Amino acid sequence: MGSAQVGFHERYNAAEHFVDRNVILGRGGKTAIYYGDEKITYREVLENVNRAGNALLSLGVEMEDRVLLLLLDCPEFVYSFFGAMKIGAVPIPTNTMLKPADYRYLLNDSRAKALVVSRELLSGLDQVLPELPYLKHVIVVGDHEEGFLSFGRILESSSPLLKAADTSADDAAFWLYSSGTTGFPKGTVHLHHDMVYCAENYAVGVLGITEDDIHFSVAKLFFAYGLGNGLYFPFHAGGSTVLTPHRPTPEHVFEVVNRYRPTLFFGVPTSYAALLQVENASEKYDLGSIRQCVSAGEALPPAIFHQWKEKFGLEILDGIGSTEILHIFISNRPGAVKPGSSGKPVPGYEARIVDVDGNEVPRGLVGSLMVKGDSIAAFYWNKHQKTKETFVGEWINTGDYYYQDEEGFFWYVGRGDDMIKAGGIWVSPVEVENALMAHPAVLECGVVGSPDLDGLYKPKAFVVFKPGVDPSEALIEEIKQFVKSSIAPYKFPRWIEPVKELPKTATGKIQRYRLREMGHLQQAVKQS
Ligand code: 3UK
């Protein structure tokens, strides 16, 4: 159901579709969320979404105001996400692993009027609170914190009845921030009709989800991938989701599967690789409830596909999605996987591989992947130039290089920019290089993605040390810790290789592609 079919100004509010509709259809008593020992029904979800919406209204949050969510996966994420949306405000789920300076940027770029934050994440904000001119309210989820509003208390005193705001299918519903090689993250503006498009075309069309499914996503809700997997897919079909606030260590993930018996399991390649390292997992844990495993975020190496199938008898469906397109738009199909490929376009999407002039390339040749479909974001907030470069009429330039084989399967080749996908999350080489440069022993450096023994990419730094510096193991370890303490820890370079000089262009630009070749060569030597 695209906006074109819904029509201009036809009333549509996504929160009503994903929340109210389930109660109207008689699922009020059904479990929507499993969370620790709690089982939360669709009726309870509806009441709390309404309370959250009313609470925001009473604080003066209005239609089109942004509400930033800095939340661990928990029921309150669901209440504030749909509560804000139901009053026509615009929730912005945000990465919980960032640093205070990142949050200052996100809060000021979005001009969010309210912030809903997990008690555990509040300390990361303390130091920047005085630098947030637009933020009016900080609402804390969890134990009461002096000087802040308590989410629990304001919900208690709010009415469980709420009429949805008079939004249209083409109103802004929520934003997700997406990061690039250079420059700041871009607020990707998604509309009320986007989620249902992904749910219908990918989740129903490819995964065949029904109300009997129990979803568990290792990827957290603040990722576009996790948001579909763990929230609006199950709420579209009237199924259930398992939420956990904990870090997804392999043991925890297996325990969740054992306890809640999900039927659908969503991970990124790095999580499958880590799970495969757990000894005797197939004896210790029962994965028998799972009918389908899904992978996205970065290409799934065929070795992981085969090992997983061998060990657990389960097939992993790899598919490519993006924050801008919201969810997976090219995917393998159950029972027809071509390991190593991304599969074929999902119903509702068209994909073209084009050359620099925008002409389609012949089968087998590499080009840029362009995609068309009605879940594509409307634009980047406050970034007009980037918007024009990315959103091209009905099409979007994904920034990925692909080729299509004789059978029509799409194969990922790499990215046009130097961005690194590590553990399914973007890492900008420039950001890591800047963090390294702040260390007194570093003269120059270049960062690229380099494959580990599982064939998964992680940041690797080539460093030119200052004269007289001894690049000892102790120093290298110290520099890794130094980077971890200055930027989000998942971005730190897993390897630091001392070099005499860096490959540069005539204009002095670091040639990261040449560093990548060096990285690969070295890895190949190690593995042989
Ligand atoms: C890369 C892949 C090869 C590719 C996402 C599922 O990852 C998601 O969104 P992001 O905005 O990143 C998008 C970029 O990541 N990529 C993602 N999946 C694959 N490359 N094979 C894959 N299977 O470069 C893409 O442009 O973080 C994934 C659903 C929703 C998402 N937002």
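These legends accompany close-up views of a predicted model, covering its nonpolar cores and the surroundings of its ligand.

**View 1. The largest nonpolar core.** Welcome to a set of 119 residues, in which Val45, Phe81, Phe82, Met195, Phe235, Phe265 and Trp308 touch the most other members. Helix H8, spanning residues 224–237, supplies the largest share of this core, with 8 residues. A separate second core holds 49 residues, including Leu70, Leu98, Leu132 and Ile425.

**View 2. The contacts of Phe82.** Setting aside neighbours within four places in sequence, look for Ala15, Phe18, Val19, Val49, Met195, Leu231 and Phe235, which are in contact with Phe82. Two of these partners, Met195 and Phe235, are listed with Phe82 itself among the core residues that touch the most other members.

View 3. The side chain of Thr323 places a polar atom 2.5 Å from a ligand oxygen, and an N or O atom in the side chain of Lys421 is 2.8 Å from an oxygen atom of the ligand. At Ser322 the backbone takes part instead: one of its polar atoms is 3.3 Å from a ligand nitrogen. On its own the ligand has 610 Å² of accessible area, and the protein covers 95% of that.

**View 4. The shell around the ligand.** Among the 22 residues here, Asp318, Gly319, Thr323, Asp400 and Lys421 come nearest to the ligand. Sorted by class, the shell comprises 10 nonpolar, 7 polar and 5 charged residues. Strand E14 (316–321) gives the largest share, 4 residues. The elements giving two or more residues are H8, E14, strand E21 (395–404) and strand E22 (410–415).

Definitions and conventions:
Residues are numbered from 1 along each chain as its sequence is written. This is a predicted model: local features need pLDDT of at least 70, side-chain atom pairs count only at pLDDT 80 or more; totals for chains, interfaces and linings use all residues. Side-chain values use heavy atoms; hydrogens and water are left out. A nonpolar core is a set of buried Ala, Val, Leu, Ile, Met, Phe, Trp, Tyr and Cys residues joined through side-chain atoms within 4.5 Å. Buried means under 20% relative accessible area, exposed over 50%, partly exposed in between (1.4 Å probe, protein chains only). Contact means heavy atoms within 4.5 Å. A residue is near a molecule or strand if one of its heavy atoms lies within 4 Å of it. A polar contact is a pair of N or O atoms within 3.5 Å; within protein, one must be able to donate a hydrogen and the other to accept it, and residues adjacent in sequence count only if both atoms are side-chain atoms. Accessible areas come from the Shrake-Rupley method with a 1.4 Å probe; for residues, only the protein chains shown count as cover. Ala, Val, Leu, Ile, Met, Phe, Trp, Tyr, Cys and Pro count as nonpolar, Asp, Glu, Lys and Arg as charged, and the others, Gly among them, as polar.
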